[in-house]
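Subject: Structure handover and findings

Dear colleague,

Please find below the structure that I am handing over to you.

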Amino acid sequence: MSAGASSSASARCSAGRAPARGDGAPALDAIDRRIVNRLQDGIEIVDRPFAAVATALELTEAELLARLARLLETGVLTRFGPMYNADAMGGAVTLAAMAVPPAAFERVVRTVNDFPEVAHNYERDHAFNLWFVIASERPERVAEVIDEIEARTKLPVFAMPKEEEFYVGLKLDV
């Protein structure tokens, strides 16, 4: 969950969360921390990429895969996969926001999540309380998804297409 999202958003906008310590932080052991820190550097393109990472971490491939599965299942990792530049591949990406009445929030989130083009979403404590990213193989599909979401929810979607991209290279030590 990102900054500004309410605690109820985890139940509404994403899968389950990891068991928390008393301070609300997910419970990670030292091996989990090494895995997360190492994977932020990327994975080599080799025949058995997880075996290569496991060897570097002094783990077995099976142990690494089991731990990754658990981190995903518990919500410590919300997704694990490659990052694509949709624009460079001929597609498009846009950030979108909606002002959703609280009584309709669950229904609207389910509707938005039904679209495979929606990468992720967040609940915000703001008039625009639902934010999400739409990524598509075809630029015109972004507008189609927005039109379909508006038709199904009877609420406007405010699109904020990317004007310029900046590489930040954020890496978090956990």
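This is a predicted model: local features need pLDDT of at least 70, side-chain atom pairs count only at pLDDT 80 or more; totals for chains, interfaces and linings use all residues.

Overall figures

The chain has 174 residues, of which 32% count as buried. Its accessible surface amounts to about 10900 Å², and carbon and sulfur atoms account for 57% of that area. When contacts between residues at least 6 apart in sequence are considered, 64% of them join residues at least 24 apart. Asn85 belongs to the loop between H4 and strand S1 (92–98), and its relative accessibility of 34% makes it partly exposed.

Helix H4

Helix H4 covers residues 61–73, 13 residues in total. From its first C-alpha to its last it reaches 18 Å, close to the 18 Å expected at 1.5 Å a residue. Which residues of H4 are buried? They are Leu64, Arg67, Leu68 and Leu71. Viewed down the axis of H4, these buried residues fall within an arc of 100 degrees, so they line one face of the helix.

Arg67 may be of interest to you. This residue of helix H4 has a relative accessibility of 14%, and it counts as buried because the cut-off is under 20%. Leaving aside residues up to four places away in sequence, Arg67 touches Asp29, Ile31, Asp32 and Ile35.

Aromatic rings

The count of aromatic pairs comes to one. The ring centres of Phe128 and Phe158 are 4.9 Å apart and their planes stand at 75 degrees, so the pair is edge-to-face. The pair links distant parts of the chain, 30 residues apart: Phe128 is in the loop between strand S2 (118–123) and strand S3 (130–136), and Phe158 is in strand S4 (residues 158–161). Phe128 is partly exposed at a relative accessible area of 28%, and Phe158 is also partly exposed, at 39%. Elsewhere, the charged end of Arg124 sits over the ring of Tyr122, 5.4 Å from the ring centre.

Backbone angles

Most residues other than glycine have a negative phi. Glu58 is not a glycine, yet its phi is positive, at about 60 degrees. Glu58 lies in the loop between H3 and H4 and is exposed, with a relative accessible area of 73%. Lys154, likewise not a glycine, has a positive phi of about 60 degrees. Lys154 is in the loop between helix H6 (139–153) and S4, and its relative accessible area of 68% makes it exposed.

Yours sincerely

Key. Residues are numbered from 1 along each chain as its sequence is written. Side-chain values use heavy atoms; hydrogens and water are left out. Helices (H or I, at least four residues) and strands (E, at least two) are DSSP runs, numbered from the N terminus. The expected span of a helix is 1.5 Å times one less than its number of residues. Buried means under 20% relative accessible area, exposed over 50%, partly exposed in between (1.4 Å probe, protein chains only). The arc is that of the directions from the helix axis to the C-beta atoms. Contact means heavy atoms within 4.5 Å. Accessible areas come from the Shrake-Rupley method with a 1.4 Å probe; for residues, only the protein chains shown count as cover. Rings of Phe, Tyr and Trp (its six-membered ring) pair if their centres lie within 6.5 Å; planes under 30 degrees apart count as stacked, over 60 as edge-to-face and the rest as tilted. A charge sits over a ring if NZ of Lys or CZ of Arg is within 6 Å of the ring centre and within 35 degrees of the ring normal.
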